[in-house]
Amino acid sequence: MLVLFETSAGYAIFKLLDEKKLKNVSDLYSHFESPEATSKIIKLKHFQKFDDTTEALASAASLIEGKLCKSLKKVIKSHVNSSDSLMVADPKLGAAIKEKFNISCVSSSSAADLLRCIRSQFENLLVGLPKKDLTAMSLGLAHSLSRYKLKFSPDKIDTMIVQAIGLLDELDKEVNNYIMRCREWYGWHFPELGKILTDNLEYVKTIKTLGMRENAKSIDLSSILSPALEDQVKTAAEISMGTEIAEDDIQHIVQMCDEILDISTYRSSLSDYLKSRMMAVAPNVTVLLGDLVGARMLAQGGSLVNVAKMPASTIQLCGAEKALFRALKKKHDTPKYGLIYHSSLVGRATAKVKGRMSRMLAAKVALAARFDAFGESETINLDLGTNHLASLEYKLRLMEEGSMTRISGTAKAKAKFEKYQVKREIVQYSAAADSTIPSNKRKIEDTGIKEEYSETATLKEIKPEPEDQQPPKKKKKKNKDQTNGGDKSVNNGADISVKSEQESILTEEQTPKSKKKKKKRELQEEPVEELIVENVTKKKKLVVADTSITEVVTESGKKKKKNKSQIEETEIENSPKKKKKSIVTDTSATEAVSESGKKKKKKKDQ
């Protein structure tokens, strides 16, 4: 059995002397401890050295891909027979050799252990090759192989994407500045054109073809503008209020229009290039985010590998670092999204759902970036990105509809939400409550009050006082010295008298018409005087009804005077026990008011 061993210096073919040693793989390393023991098991048959580093690089690249190079074909063809069996490390390479030369190849775990033992004693087995040359060859091959990998897969270079998206943003700024300058410059000559044409490219193309506004009649603008806009431009050019400019001025304006058109065409080609690069480098990220947002994400992270190493939370806030640290410093609410806000999925979501949508999209972008960065080039396709995009659109539709469904889990059935429902009773509005007309029927809670009012109303027949003792009818203010002594009695009597007057008014409304007429006659015959006493200290106005001077007509026709005390006793006896409402009059208060009235009369006489 022969063994194929690849090195940085060339190909070596060894002959296995004792195949029985391969049965005990655990003891195989003990037989390779010394060069003498190694020579008993294995022997060098042929060594093919590489001529230069380019040959070594080509052979190494083909071995990585599992293919046969020219130098390896020559070695196998000249030194390996079809009857021999060949032991190789890579099963792909063994399949290629078997297909090409019809030689049986062996690649197993025992072969890997044997090749590991050969590598440990390779310097002793290989005669005529110094150690320094071997290390120099391995180092040169490593550098050339790394450079070859970069040259071989130019699609995986994400630095081109970073530079392209930076240039694209700068071109957008420059084009906007040029167009603003062009509108301001040409607006002095034809200001109405800027209001008619809102599209920047149409505006620039119209200026380039039109030139002076006087040429509007003779120039056809149908290739640039629609017929309606063309008519508006021509009519506005005839009645324009702009200033006149020279030919040199219009030439420079036209040159600036040419620059704007050139930059816009280059920008469109650059965007197409960027889209193709993104589909080659990160196809699944491009499907989820779009070419522009995905390119900005790569530029913010530095490379695709750096984005793949980021967690989903960092991808969600990528581009909003300043806002995040400012919010943490000032203890405000942290932002919910960064560059991911400009993606189509987050843009379609409503304001309430944007945060949740950005979080879910960031998680899927993290998975897609890792698959694009670390997956093999042959296995990378758009299936992962399209599946994630479809699931995110479905979840977005569920969140927008607001239906109670379980998004996660195997069964996507509707969740039970009976306990969250609130059963509300429907109360109908009564239209009768809108009427503001008072009803004729009055609700009287206490029927006993009627009887009390009717009894007290009959007791108001008392003789009038003589003319000398008539108190003044005007409102008077008492001095503090006169009212200090009888404040309490006056207050009590005044409160009770006010209540009695109010109650008498209510009874008058409730009594029949015959009683009302009698009372009116009696009130016209009998004088009723009111004394109003104001307490200065408490600032309260008390109305004291002096019912002491009333008249009572006896059977014999004689008039008798009743004292105040007798009236009070009769009212207390007639009134019910529960509601004792008597008319209390303060004699001291009336005397004080009468004295003050007399003093005022004397002052007037003097």
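How many helices and how many strands does the protein chain have? In this predicted model, the protein chain contains 26 helices and ten strands. Of the 606 residues in the protein chain, 34% are buried, and among the contacts between residues at least 6 apart in sequence, 66% join residues that are at least 24 apart.

The largest nonpolar core has 67 residues, and the residues with the most contacts inside it are Tyr 186, Phe 190, Leu 193, Ile 207, Leu 289, Ile 315 and Leu 361. Helix α12 supplies the largest share of this core, namely eleven residues. Apart from this core lies another one, of 23 residues, which includes Ala 56, Ala 60, Leu 72 and Ile 97.

Helix packing comes next. Two packed helices are described by the angle between their axes together with the distance between those axes. For helix α12, which spans residues 247-281, and helix α14, which spans residues 291-301, the axes come within 10 Å and cross at roughly 70°. Because angles of 65 to 115 degrees count as roughly perpendicular, α12 is roughly perpendicular to α14. On the α12 side the contact is made by Ser 271, Leu 274, Lys 275 and Met 278, while Asp 291, Leu 292, Gly 294, Ala 295 and Leu 298 make it on the α14 side. Sorted by class, the contact of α12 with α14 has five nonpolar, two polar and two charged residues.

Helix α14 also packs against helix α8, which covers residues 159-187, and here the axes come within 9 Å and cross at roughly 115°. That angle makes α8 roughly perpendicular to α14, and the crossing of α8 and α14 is left-handed. The residues that meet are Ile 161, Val 162, Ile 165, Leu 168 and Asp 169 in α8 and Leu 292, Ala 295, Arg 296, Leu 298 and Ala 299 in α14. By class, the contact of α8 with α14 has eight nonpolar, no polar and two charged residues.

Definitions and conventions:
Residues numbered from 1 in each chain as written. Predicted model: local features only at pLDDT ≥ 70, side-chain atom pairs only at ≥ 80, totals over all residues. Heavy atoms only, no water. Axes fitted to C-alpha atoms, helices over the stretch in contact; angles between N-to-C directions. Helix = DSSP H or I, 4+ residues; strand = E, 2+ residues; numbered from the N terminus. Parallel < 35°, antiparallel > 145°, perpendicular 65-115°, else oblique. Contact = heavy atoms within 4.5 Å. Nonpolar A, V, L, I, M, F, W, Y, C, P; charged D, E, K, R; others polar. Core = buried A, V, L, I, M, F, W, Y, C linked by side-chain atoms within 4.5 Å. Buried < 20%, exposed > 50% of the residue type's maximum accessible area, 1.4 Å probe, protein only. Left-handed = near helix turned anticlockwise from the far one by under 90°.
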